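Reader: Please show me the structure, and then let me ask about its parts one at a time.

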Amino acid sequence: MEYAEDSRRKRWVNGLLKILKPNKQIFIHGLIIILSLVIIQLLLDYFQNSLLLYMPPIGFAFFLLISYGIQPIAVGVLNVIILNRLYNCEGWQTGFWLNGFFLLLTFSTFNVLLQTITGLPFSPYIAAADIFILLYPFGHLGKFSNRGCKKPNPQQTTTTSATSP
Amino acid sequence: MLISALKSSSHRRMGSRTIVAAVLVMLVLSASIHLLQAAPDAPSVEWNKTFNGLHGNSVIQTADGGYATAGYSATYSTDIGGYVDYKAVLVKTTSSGDVQWQKSYGPEVFGGGTGAVSVVQTTDMGYLLFSAAGVLVKTDAEGSVQWNKPLGVTGVREGISTSDGGYLLVGNSKDGSGDDVAWLLKTDAQGSILWNKEFTGGFVVYTVIETADRGCALAGNWKNDFWFAKIDSNNNLQWSQTYSYGGPSDVHHVSSIAKTKDGGYALAGAGYWLSSNGIVPWMIKIDSQGHEKWNLPYGGTPQNGYSSVVQTDDEGYVLTLSSSAGLVRTDTSGSERWTLTYAIVEHYIASCLIRTADGGYATVGTDFGNNLWLTKISPEPDFQPPVVSVLSPQHKTYETSDISLTFTVNEPASWIGYSLDGGDNVTITGNITLAGLSNGDHNLTVYASDTAGNYGASAAINFSIVGRFPVEWLFAGVAVAAAVIIGVLLYFKRQALSTYKNQGFRNFFKKHRVTAIAENRMVRTLIIMSLCLGMVFVQIFFPYFYFSSSSRSSNSTFEVGVTYVYERDSVGQIYGEVSRIHDLGIRVIRVNMVCDSIDASGYLNGMTDVFFSAVQSLNMHVALIIKNTEDINGLSFYLGRWGRYLTYVQILNEPESSSSWDVGALFTDDETTSKFEQVYSTVEQAQLSAQLYTNFGAGFLARTNLPIKFSEKLDFVGFDVFMDSFLTLSPSMIQLLHKITNKDVVIAEFGMSTSDDTVQSDYIIRGLNLFKSMGLRGCWIVYWNSADNSYGIRGRLAEKTVGEWIAQNT
């Protein structure tokens, strides 16, 4: 009985460790996502005032569209592409925008917390901290926030097709 | 025998004349003893200073708390048996009476005659002397002559400054037939005569005051009677009244006028009763239309008169005797409360009595030995206990165990304590929170002791505490339930998947593939959306809770300011209000652009002169509000006249929220920017040393281009916070404003419109803590005074709590 419980607990721990275990795929996934978010944020910061001053309020609307429309979609698409490539998946479960918006909000919330507490500007301090601290978490988050379906085995597909009526 | 004499006297004479004569006879006998005695509630003499060889005519308290005394020096000539070689004299002393400097001015400056009769301090901290020979002498703050201007009159008795920046003089002359003529003359600030007025037919004037309606009142005598005249603000005689007592040979005159709190006037002077060869100090109380309410010949000091009168805070009077160093204090009906002999000196002539800023008095006079006496008398001893008013808790039921104890004490307290439920007194230093009170009924009394040792107690406050519905637990319960439900859902999902896995994925996908994927996607999407929502809330509210949780910044330069709408107050009130603001520890006063560019000597300009005189003397910073509708010509005038006193200049007010009622027609960015540029270039031309800023409201979020563009020319930016809910959101907005402008942020307008003193006070203190914690450069409260006082903090709980906060935090 005790052995059974120990065995179950061990399986849980092993499972958890397996999930959180840094591996190459998580690293690459997190690196690409976090780098893209940092670069987009740096670009937006750099061009922010120029955009806001452009034919007000069109520039302001354009800034909002980029920040909360185009950027999430881009990040969402990137995440799905990475997932499909790294994990041999196809398709997606969460919409591109929502997936990207979630990653963007996680990223910006962390930045708000960090900037509020430290009082430092995003560039270069918070950006550098983001890359070092959020690399693996964003690898996991990217995987958690969207998956897809395992690509069916081509052999199996062929066989199935062959046996289909 | 005395009684029978009085009785027979009363048969021979009628009315007050008889009574006065009898009183005179009776009190001559006890005069010397009476003068040297002072009642226990009389004030004391703080110091006496004598200046050899000088005669004192006038004294004022200066903005630095010292005194300026004007008079003359002269040499006695035995050849002619009189004084020669007159010089006007101005003596500046510290608040302790120590001489800082003394200046003499020869006849070539003051025009001969008998020196200076009056002195006033000017807005540039210099002085203006009124000479008896009709010359205005303007000096700088050190007494060096800047200019002098003969007015072409002689016999000047008194001169005063007026709220419009000009001066009023009164004096006497003779007409062709030898009759007395009283005259009244008005000049502007540069001494140019604006108008003059004569009263012919036997009028003699001794004194003049400015009245609340910006007119003036003058008094003296007409032939043998007391005389008082009221002039309106358009220089027209409103009414003139004589007051006749005694017989035709008895002479009376008014030496001094005091405005009274009931809108009337108190007249002090003397009656010369030739028949009894006696002089009687005399006081008359009249209403605003000159109707006599009572008159009192004062029998306590025979062979004397009154030379000055001032009204006290309790609407009584303090009068100085003209021929001895004595003060008489009366109640509001003129009955004596105490007398004080402030110097033992023979043949003393008292000239002037003033109230000092500490509530005491200062007098100036001259003795027979040619010595000027300057005397400082303390405030009256305080026998009144302090009045303690508890604002919170109130007589009601509370649903919290932590109750804010807020109260006010009407005077400085040396000790404060409270007793809860009849327990021992607990000493406190200010408002506190009574934490952890048990459910049930409670009673509370707050005690205070003033600096004179008088103890006062508040009324007992009865309040109750009942248990509150635990909202926090409800939220926590809901959150836990939601987590459990999500966990259970996920568990069953996994169980189902395990089952399907055991049965084989092929069968599972065959049977349920579409459904399973849909469910899976829905759950995942819901989780992600919930997390997104949570993170939005974190982003919005985290800065507020983080900075509010405790003090994060030790920014010692955090400036607390207040917007003072001084144009809503009277001229005479401004100095006191600025001083009161200063005493709270507030160092920035934000003001509207109050001026009259058409009439340089207009009333509004005089008001602003007084305001800047006050802030200069108290070394305070002034932030000028240039509203969106402000006239550029008016702005140029204002900056030219007062610009050098400004520390901050606000260019436009919330330009992003421009609307027709607020700014005329600045709807578009181009119009707003054009107005900004126009104001900015005007300010730049004035070459001020002031820092420039523009304040924005929350509307800047929709018009971010304005702060970005304007901030290029600004030293810092302002942000306005008005509502409690808005205070919670303000840190995020301030961070954004700072980010897009890259400028320091000051909270330029921070206030709340409410009639609830406690709510207003709590809100302001929370804001001050928050903004200081954020490291902002300051927070300026709106308002000190407002039209309905819903915004104003003056006289409300917030005034006290803000003062305490500043004392503890800056």
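Predicted model: local features only at pLDDT ≥ 70, side-chain atom pairs only at ≥ 80, totals over all residues.

Author: Residues are numbered from 1 along each chain as its sequence is written, while chains are lettered from A and ligands numbered from 1 in the order in which they are written.

Reader: What percentage of the residues in chain A is buried?

Author: A residue is buried if 20 or more other C-beta atoms lie within 10 Å of its own, exposed if 12 or fewer, and partly exposed in between, with C-beta atoms placed from the backbone. Of the 165 residues in chain A, the buried share is 27%.

Reader: How is helix 2 of chain A oriented to helix 5 of chain A?

Author: Axes are lines fitted to C-alpha atoms, for helices over the stretch in contact, and angles run from 0 to 180 degrees between N-to-C directions. The axes of helix 2 (residues 24-53) of chain A and helix 5 (residues 122-145) of chain A come within 7 Å and cross at roughly 140°. Angles under 35 degrees count as roughly parallel, over 145 as roughly antiparallel, 65 to 115 as roughly perpendicular and the rest as oblique. Therefore helix 2 of chain A is, relative to helix 5 of chain A, oblique.

Reader: How many nonpolar residues has the contact of helix 4 of chain A with helix 5 of chain A?

Author: Helix 4 (residues 96-118) of chain A packs on helix 5 of chain A at an angle of about 140°, with the axes 10 Å apart. Two residues are in contact if their C-beta atoms, placed from the backbone, lie within 7 Å, and the contact includes A:Phe102 of helix 4 and A:Leu134 of helix 5 of chain A. Ala, Val, Leu, Ile, Met, Phe, Trp, Tyr, Cys and Pro count as nonpolar, Asp, Glu, Lys and Arg as charged, and the others, Gly among them, as polar. By class, the contact has six polar, one charged and, for the nonpolar residues, nine.

Reader: Which helix of chain B gives the most to the side that touches chain A?

Author: The contact takes 21 residues from chain A and 23 residues from chain B. On the chain B side, helix 5 (505-549) and helix 11 (705-711) each supply at least two residues. With 15 residues, the one that gives the most is helix 5 of chain B.

Reader: Over what arc around the axis do the buried residues of helix 8 of chain B lie?

Author: The buried residues of helix 8 (residues 632-642) of chain B are B:Leu635, B:Tyr638, B:Leu639 and B:Trp642. On the other side of helix 8 of chain B, B:Asn633 and B:Gly640 are exposed.

Reader: Is B:Gly606 buried or exposed?

Author: B:Gly606 is found in helix 7 of chain B. Not counting residues up to four places away in sequence, B:Gly606 touches B:Ser163, B:Asp164, B:Gly165 and B:Val571. Because 21 other C-beta atoms lie within 10 Å, B:Gly606 is buried.

Technical notes: Helix = DSSP H or I, 4+ residues; strand = E, 2+ residues; numbered from the N terminus.
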